[in-house]
Amino acid sequence: MQPLVSIIMGSTSDLPIMEKAAKRLEEMEIPFEMLALSAHRTPIEVEQYARLAHERGIRIIVAAAGMAAHLCGVIAAQTAIPIIGVPIAATLQGVDALLSIIQMPPGIPVATVGINAADNAAILAVQMMATGDETLYAKLVEYKESLKEKVVKANQELASLQGYRFKVN
């Protein structure tokens, strides 16, 4: 099995966040790889990885970046593969990473999800791939339906709550 998505993190300290992306890709049956690469500690390896990713069959890269959040942009500068950045709340509650990732120069875009939102990054990656894959698209439709079902169930549970004198539903 060849990976279609790469999950890249600056260090394994990002793993608790990035595991959410891995779990979502696993659920959607998308082959993926997980690597630790640092724009600052292993810049040559990052460049080599990014330049060869397309040849290896990688279609989308989900990259995490916290603190000096350069990893996403450095990868994006070396490949034409779509990059989805996940800002990590390492310092300043992740706002520094968010701003670093979204402020890319012209011609070097990085799609960016919310702070620590690795699950959304995986969903976005699947949505991108599903534009040419009806089976994958159907899985996404089913997933989105399950989100609606959760809200319907939550409202049923809220309606049955007792013990409030002024609750009217």
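Visitor: Is Asp14 buried or exposed?
Guide: Happy to start there: this is a predicted model, in which local features need pLDDT of at least 70 and side-chain atom pairs count only at pLDDT 80 or more, while totals for chains, interfaces and linings use all residues. Residues are numbered from 1 along each chain as its sequence is written, and side-chain values use heavy atoms, with hydrogens and water left out. Buried means under 20% relative accessible area, exposed over 50% and partly exposed in between, with a 1.4 Å probe and protein chains only. At a relative accessible area of 10%, Asp14 is buried.

Visitor: Which residues does Asp14 touch, not counting those up to four places away in sequence?
Guide: Asp14 lies in the loop between E1 and H1; helices (H or I, at least four residues) and strands (E, at least two) are DSSP runs, numbered from the N terminus. Contact means heavy atoms within 4.5 Å. By that rule, Asp14 touches Met9, Ala64 and Ile88.

Visitor: What is the relative accessibility of Ile88?
Guide: Ile88 sits in the loop between strand E4 (83-87) and helix H4 (95-102). Beyond its neighbours within four places in sequence, its contacts include Asp14, Ile17, Met18 and Asn116. Ile88 counts as buried because its relative accessibility is 6%.

Visitor: UniProt lists Ser11, Asp14 and Arg41 for "binding site"; what is the relative accessible area of Arg41?
Guide: That listing comes from an unreviewed entry; its positions are given in the numbering used here, feature names are shortened, and annotations may be inferred rather than shown by experiment. The lining of the largest pocket includes Ser11, Asp14 and Arg41; on a 1 Å grid over the protein atoms alone, a pocket is an open set of points where a 1.4 Å probe fits, with protein on both sides within 12 Å along at least five of seven lines, and lining residues have an atom within 4 Å of a point. Arg41 is in the loop between E2 and H2. Arg41 is exposed, with a relative accessible area of 69%.

Visitor: How wide an arc do the buried residues of H2 cover around the axis?
Guide: In helix H2 (residues 43-53), the buried residues are Val46, Tyr49, Ala50 and Ala53. They are on the same side of H2 because of the arc they cover, taken from the directions from the helix axis to the C-beta atoms. An α-helix has 3.6 residues a turn, so residues three or four places apart point the same way. The arc here is only 95°.
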